[in-house]
Amino acid sequence: MMNKYKHILLLTAVLAVCASACKKNLEEEPLEQLSPDYVWDTQDSAGVNASKVLNEIYTEIPAGANRIFSASSSENGSDFLDAATDDAVSSSPFVTPVELIATGIGITPFRNAEGGSFGTDIWAANYRGIRKANIFMANIDKVPLAGTLPNGTRLRSAWKAEARFLRALFYFELVKRWGGVPIVGDEVKQITDDVLLPRNSYAECVQYIVSECDAVKDSLRLDPIDNINFGRVTRGTAMALKARMLLYAASTLYNGGNIGTSGPERLVAGYENEDRNRWKLAADAAADIVQLGVFSLQADMVNTFIVANNKEVIFARNNGRGTDIEKANGPIGFAGEATGGSRTSPTQELVEAFPMKNGKPITDPTSGYNPTSPYTNRDPRLDSTILYAGARWLNTFIETYEGGRHKPGGSKTQTKTSYYLRKFMGHFRNQSTYAPHPRNFVMFRYAEVLLNYAEAQNEFNGPDNNVYDALYALRKRAGISAGAANNYGIPQNLTKEQMREIIRNERRVELAFEEHRYWDIRRWKIAGELAKKPLHGLRIKRSEVSGSIDGTKVIVLQPRFLEPKMYLYPIAQNELDKNKNLIQNPGW
């Protein structure tokens, strides 16, 4: 398990944390040779060096976007985690790590999760973050940090609360992959300490994460993200993590659909028994964020991801400015810096999930859907998420018919489906090239809170007015027409089961490519069924009729294999070898 505890002393860890960040006239002395007395300076009322340690903890947060990569082959590039779902496929002509994850090959006990030997070791990375947080909390009281937040909290207490929240976030990243994991507590372990800890139960881990969020929320800044504190944890962040954890805990995979069979493995894989009240806890936690009154939906969905200062974003990892997403995923066929890497190919299944502008699904005969003009009068979120044939981009119209400018064929990486990713990119419809903009990974936003609430409330109490109102708010912001009945295309008097399908589809289109779909289909325990279905794209024939699409649906990915055990990641064999007190997940 955490071999860092066996091989890295406290001093070494603290110095390494600071090595890349401290800038306090350090040219005279290499940072790695600085003492703990310098790092935890008892005369530094501004906390200059301590703040660098805190900032280093933030760097352990997942980066999002094209993070599933192959270090062994540059040709394999990198992919969104969503390319391991039914929403997208990797455009690479080679077998990629994300495809190994989708088939389960990349998450065997002999590989590290989410990229295998090709990518990031998620287990070690999150425990590294937990250790950094513990080091910070154990030492920050030595620094005479001055100042208070507007809510009266001393700055030192606020910084400590940030580190404590980040630790809870790292545990959540572990729990959603492995179930119950070892909780190491507050103590910074030394080389002589017993660190061969057993796994805590799933229930204990959920309770720990929730209680940590409750413990720190009132010590954190209340204000939404602004340009000064962008990327810093707020009270809403802690509340959002609590709400998401409780939503996951109430879901089928953990609450009644536990894949464990008996004994300890059942305890780490989920709850022993189903409890309907877990849905109420999740609904109440999401409602608390709404009642906080500091977050709201952004009018322009594109700006939600490229404008740092907006009230829909609850928390985002600050990735700075750039055009990395455009360069990795934008269409080919443009000149110079404007050409993209075409890494991500959204599927026909995702495109068809977007309803019409009247809110009705395209399968509804009264929706007005026209298969020869399939992108006309659709949910405006389609335009904000996907580039399709005829969409305007970089001052031209996308040509993804066979042999077209943006799908020429040949060996060059290009769309496999006739679609390109558009989400997270800037306003480049009428520009000739890309320009830098914030490219931050939004981890929590208000739209998700409304969806979390709608799902949990529907599961607990059925489709009451509160559920409808949450969905209305989302569809209104999206630009869907209210209609004569003022119901944004959502039928009245739905059953719980009918509303469940609408909510799940709403999550799919609203949160596409934000690393929700991969986890949603697992917690709902439907990933196995979806894996049995092929994924499709379009093969489009060139048409001289403006706006007309002559397309044939074609299979771009054959059915995949997903065993029940694959709903949870296995613990890597090297961790099991190091810690004999660990038990493996069911079936592995």
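**Buried strands, loops and salt bridges in a predicted model**

Tutor: This is a predicted model. Strand 13 (residues 535-541) is largely enclosed by the rest of the structure, because five of its seven residues are buried.

Student: Which strand is joined to strand 13, and how many bridges are there?

Tutor: Strand 14 (residues 550-557) is joined to strand 13 by seven bridges, and the two run antiparallel.

Student: What stands opposite His-536 in strand 14?

Tutor: Ile-555 does.

Student: Which ones?

Tutor: The buried residues of helix 4 are Asn-49, Ala-50, Ser-51, Lys-52, Val-53, Leu-54, Glu-56, Ile-57 and Tyr-58.

Student: How many disulfides are there?

Tutor: The count is zero.

Student: And Cys-205 and Cys-213, buried or exposed?

Tutor: Cys-205 has 2% relative accessibility, under the 20% cut-off, so it counts as buried. Cys-213 counts as buried too, at 2% relative accessibility.

Student: Where is Ser-345, and what does its side chain do?

Tutor: Ser-345 sits in strand 6 (residues 344-346). A polar atom of its side chain lies 3.0 Å from the backbone nitrogen of Lys-416. Ser-345 has a relative accessible area of 0%, so it is buried.

Student: What is Ser-345 in contact with, leaving aside neighbours within four places in sequence?

Tutor: Ser-345 is in contact with Asp-87, Ala-88, Val-89 and Ser-91, and also with Gln-414, Thr-415, Lys-416, Thr-417 and Tyr-419.

Student: Backbone next. What is phi of Phe-424?

Tutor: Phi is near 75° at Phe-424, a positive value in a residue other than glycine. Phe-424 lies in the loop between strand 10 (420-421) and strand 11 (437-438). With 12% relative accessibility, Phe-424 counts as buried.

Student: What about Lys-525?

Tutor: Lys-525 is not a glycine either, and its phi is positive, about 60°. Lys-525 is in the loop between helix 19 (517-523) and helix 20 (527-531). Its relative accessible area is 31%, so Lys-525 is partly exposed.

Student: Now charges. How many salt bridges are found in the whole structure?

Tutor: The search finds 40. One of them joins the side chains of Lys-132 and Glu-60, at 2.7 Å from N to O. This pair links distant parts of the chain, 72 residues apart: Lys-132 is in helix 6 (residues 122-139), and Glu-60 is in the loop between helix 4 and strand 1 (68-69).

Student: Are Lys-132 and Glu-60 buried or exposed?

Tutor: Both are buried.

Student: Which residue meets Glu-510 in a salt bridge?

Tutor: Arg-381 does, at 2.8 Å from N to O. The two are 129 residues apart, with Glu-510 in helix 18 (residues 496-510) and Arg-381 in helix 15 (residues 381-385). Glu-510 counts as buried at 0% relative accessibility, and Arg-381 is buried with a relative accessible area of 1%.

Student: And Glu-455?

Tutor: The side chain of Glu-455 meets that of Arg-523 in a salt bridge, 2.9 Å from N to O. Glu-455 is in helix 16 (residues 446-461) and Arg-523 is in helix 19, 68 residues apart. Both Glu-455 and Arg-523 are buried.

Student: Which residues do salt bridges with shared partners join into one network?

Tutor: The network is made up of Glu-312, Asp-379, Arg-381, Lys-423, Arg-445, Arg-475, Arg-477, Glu-506, Glu-510 and Glu-514.

How values were computed. Residues are numbered from 1 along each chain as its sequence is written. This is a predicted model: local features need pLDDT of at least 70, side-chain atom pairs count only at pLDDT 80 or more; totals for chains, interfaces and linings use all residues. Side-chain values use heavy atoms; hydrogens and water are left out. Buried means under 20% relative accessible area, exposed over 50%, partly exposed in between (1.4 Å probe, protein chains only). Helices (H or I, at least four residues) and strands (E, at least two) are DSSP runs, numbered from the N terminus. Two strands pair if DSSP finds at least two bridges between them. A disulfide is a pair of cysteine sulfur atoms within 2.5 Å. A polar contact is a pair of N or O atoms within 3.5 Å; within protein, one must be able to donate a hydrogen and the other to accept it, and residues adjacent in sequence count only if both atoms are side-chain atoms. Contact means heavy atoms within 4.5 Å. A salt bridge is a side-chain nitrogen of Lys or Arg within 4 Å of a carboxyl oxygen of Asp or Glu.
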